[in-house]
Amino acid sequence: MDFLTDQDAKKYQEDGYLILDGLLSPAECDELRLRMGEIVDRMDVPEHCRIQFSTNHDEQLKTQGNADYFITSGDKIRFFFEKGVFDDKGDFTVPKERSLNKIGHALHAYEPLYKTATHSPKIQGIAKKLGLKSPVILQSMYIFKQPGIGGEVTPHQDATFLHTEPLGRVMGVWIALEDATLDNGCLWFIPGSHNNGITRRMVRTPEGTYPLTDFVGREATYDDKLFIPAPVKKGGVVLIEGEVVHKSEQNASEKSRHVYTFHIMESQETKWNPENWLQPTEDLPFPALYTK
């Protein structure tokens, strides 16, 4: 029996998102979290995070360091931190495993456990059921949503950052490695909002200019009452159409909300925008989802 039914596929197409239970077993979730713990134990904190503030110039260096580190992370495994977790000497103010916002963007390529989860028969089955002919993997992230400090993610559309022509070719796969609840910052969606196009795009600026990225257009203002929460149990998955408007609140609870998420794109008859921050590289062309 297909993991994704015809009824599920119809609901995804109508709402722009879909929640499915039981993509991974609790043991598989624990294995991915354990491996991430090992990666965090061994991480090298990037130098720009260690800059000691003294002048505006130093702050600019830090900001530019952050931007360089981000824009060249598509084919690497890199570390991104919550605000306020370093003091003015560049030392942690919290335990380092509690300091991270996310790790990205090529776990699917270089970490065997994450690669297996990404290419799993259930994921391939979902893509086939949705009619994807030549899906490729664009990026992957591990998101921590730390207890007490896990920041809010404001309303947005993934296609703002991962722009294709035509639109509608990108899908996020958001796997809950712990229960995602109203208390610890589950996702919220505006159902059907994927039918309205996008209002802004994040683009690379011309080479040699700073900042390295900019926005064209503006994020629309959304009515809070339109958002519907999407809690999901450990091992469940949320499929996210690239244009659907979604957000998550700050995690003010004492429980983390660990997630493994990645984006896939139907590459057949699709143009990947050369202005996107994320670009395939010689080291890592976007890998095919379907394995022979």
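This is a short tour of the structure, stop by stop, with what to select at each one.

**Before you start**

The model is predicted: local features need pLDDT of at least 70, side-chain atom pairs count only at pLDDT 80 or more, and totals for chains, interfaces and linings use all residues. Residues are numbered from 1 along each chain as its sequence is written, and side-chain values use heavy atoms, with hydrogens and water left out.

**Stop 1: the seven-stranded sheet**

Helices and strands here are DSSP runs numbered from the N terminus, with helices being H or I of at least four residues and strands E of at least two. Two strands pair if DSSP finds at least two bridges between them. Select the sheet of 7 strands, β1-β12-β7-β14-β4-β3-β2 in order. The sheet is open and its pairing is antiparallel. Look at the edges next: β1 (17-20) and β2 (77-81) each have a single partner strand, so one side of each is left without a neighbour in the sheet. From one strand to the next, the twist averages 20°. Such angles run from 0 to 180 degrees between N-to-C directions, with axes fitted to C-alpha atoms, for helices over the stretch in contact.

Strand β12 (residues 237-241) pairs with β1 over 4 bridges, in the antiparallel sense. Pick Leu20 and you will find Val237 of β12 opposite.

β2 and β3 run antiparallel and are joined by 5 bridges. Opposite Phe80 stands Lys102 in β3. Is β2 enclosed by the rest of the structure, or open? β2 is largely enclosed, because 4 of its 5 residues are buried. Buried means under 20% relative accessible area, exposed over 50%, and partly exposed in between, using a 1.4 Å probe and protein chains only.

**Stop 2: helix α1**

Select residues 6-15, helix α1. Asp8, Ala9, Tyr12 and Asp15 are buried there. Viewed down the axis of α1, the buried residues fall within an arc of 145°, so they line one face of the helix. That arc is taken from the directions from the helix axis to the C-beta atoms. Turn to the face away from the buried side: Asp6, Gln7 and Lys10 are exposed there. What covers the buried residues? The cover includes β1, β7 and β12.

**Stop 3**

Select residues 26-41, helix α2. This helix lies across β2, β3 (100-105), β4 (135-143) and β7 (170-176). Against β3, α2 runs at about 100°.

Show the cysteines. A disulfide is a pair of cysteine sulfur atoms within 2.5 Å. How many disulfides does the whole structure hold? A search finds 0. Cys29 is in none, and its nearest cysteine sulfur, that of Cys186, is 17 Å away. From the side of Cys186, that 17 Å to the sulfur of Cys29 is too far for a bond. Cys29 is buried at a relative accessible area of 0%, and Cys186 counts as buried at 1%.

**Stop 4: Thr118**

Select helix α5 (residues 112-118) and go to Thr118. Thr118 is buried, with a relative accessible area of 0%. Its side chain makes a polar contact of 2.7 Å with the side chain of Tyr260. A polar contact is a pair of N or O atoms within 3.5 Å; within protein, one must be able to donate a hydrogen and the other to accept it, and residues adjacent in sequence count only if both atoms are side-chain atoms. Leaving aside neighbours within four places in sequence, Thr118 also contacts other residues, including His108, Ile123 and Phe262. Contact means heavy atoms within 4.5 Å.

**Stop 5: the four-stranded sheet**

Select the open sheet of 4 strands, in the order β5-β13-β8-β11. Pairing here is antiparallel. β5 (153-156) and β11 (228-230) are the edges; each has a single partner strand, so one side of each lacks a neighbour in the sheet. The twist averages 25° from one strand to the next. Val153 has Ser248 of β13 as its bridge partner.

**Stop 6: Glu243**

End in the loop between β12 and β13 (246-248), at Glu243. Buried or exposed? Glu243 counts as buried, at 8% relative accessibility. A polar atom of its side chain lies 3.1 Å from the backbone nitrogen of Gly168. Beyond neighbours within four places in sequence, the contacts of Glu243 include Gln157, Leu167 and His194.
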